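The following paragraphs lead the reader through a single protein model, from its overall make-up to selected contacts. Please keep the sequence and the structure in view while reading.

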Amino acid sequence: MDRRPFENDYRLVQQVLSGEKSAWDALFSEILQPYINGLAGKAFLPRHPDLFEDAVMDAIYRIYSNLAKFRGEAKITTWSYYYVMNAISRNWKVLKERRASQELETVDQRSGPRQRSPEQELEQRFLMLKVDEVLGGMNPVYKRAIELQV
């Protein structure tokens, strides 16, 4: 059977690819923008509006650049989920790098790193091994969701 399950989404994308500006406006404003804003907003707002904007722009760019790959076998939002989540993931890495550099600056400003007792150090290592063990056996989709929350 040659019929696509999501023919309306496919037709709209084909119109965008043929250069119809009104089709892009409809696709973006009615479908993609609320979807992207919802996912990225949950990840970054209200504390990181700059990363929210970066993730949204990155996702839009990558979705638009890859529209020709859309085959209509899934809803456009389902298809675009990969691009949105990758944009969010890239910006979470930026946030983690910022936090790491801020922690280093904070440690440098103090007289030195905070000292832990050998028991605390051992407990910390044990917990990290347990977390790695649990995450290692997890489905990659769930693992990514947990990592995004940290």
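A residue is called buried when its relative accessible area is under 20%, exposed when that area is over 50%, and partly exposed in between, using a 1.4 Å probe and protein chains only. The model is predicted, and local features need pLDDT of at least 70, side-chain atom pairs count only at pLDDT 80 or more, while totals for chains, interfaces and linings use all residues. Residues are numbered from 1 along each chain as its sequence is written, and side-chain values use heavy atoms, with hydrogens and water left out.

The protein contains six helices and zero strands; here helices (H or I, at least four residues) and strands (E, at least two) are DSSP runs, numbered from the N terminus. Along the sequence the pattern therefore reads α-α-α-α-α-α. Of the 150 residues in the protein, 29% are buried. Contact means heavy atoms within 4.5 Å, and among contacts between residues at least 6 apart in sequence, 62% join residues at least 24 apart.

Helix α1 covers residues 7–17, and its buried residues are Glu 7, Asp 9, Tyr 10, Leu 12, Val 13 and Val 16. After α1 comes Gly 19, which has a positive phi near 100 degrees.

The next topic is a pair of helices. Two packed helices are described by the angle between their axes and the distance between the axes. Helix α2 (residues 21–44) and helix α3 (residues 49–65) have axes that come within 9 Å and cross at roughly 140 degrees. Such axes are lines fitted to C-alpha atoms, for helices over the stretch in contact, with angles from 0 to 180 degrees between N-to-C directions.

His 48 sits in the loop between α2 and α3. His 48 counts as buried because its relative accessibility is 14%. Leaving aside neighbours within four places in sequence, His 48 is in contact with Leu 95 and Arg 99. In helix α3 itself lies Met 57, which is exposed at a relative accessible area of 56%.

How many aromatic pairs does a search of the whole structure find? The search finds six. In Phe 70 and Trp 79, the ring centres are 5.5 Å apart and the planes are at 75 degrees, so this pair is edge-to-face. Rings of Phe, Tyr and Trp (its six-membered ring) pair if their centres lie within 6.5 Å; planes under 30 degrees apart count as stacked, over 60 as edge-to-face and the rest as tilted. Phe 70 and Trp 79 are both buried. Tyr 82 and Tyr 83 also form an edge-to-face pair, at 5.0 Å centre to centre and 80 degrees between the planes. Tyr 82 is exposed at 51% relative accessibility, whereas Tyr 83 is buried at 11%. Ring pairs link Phe 70, Trp 79, Tyr 82 and Tyr 83 into a cluster.
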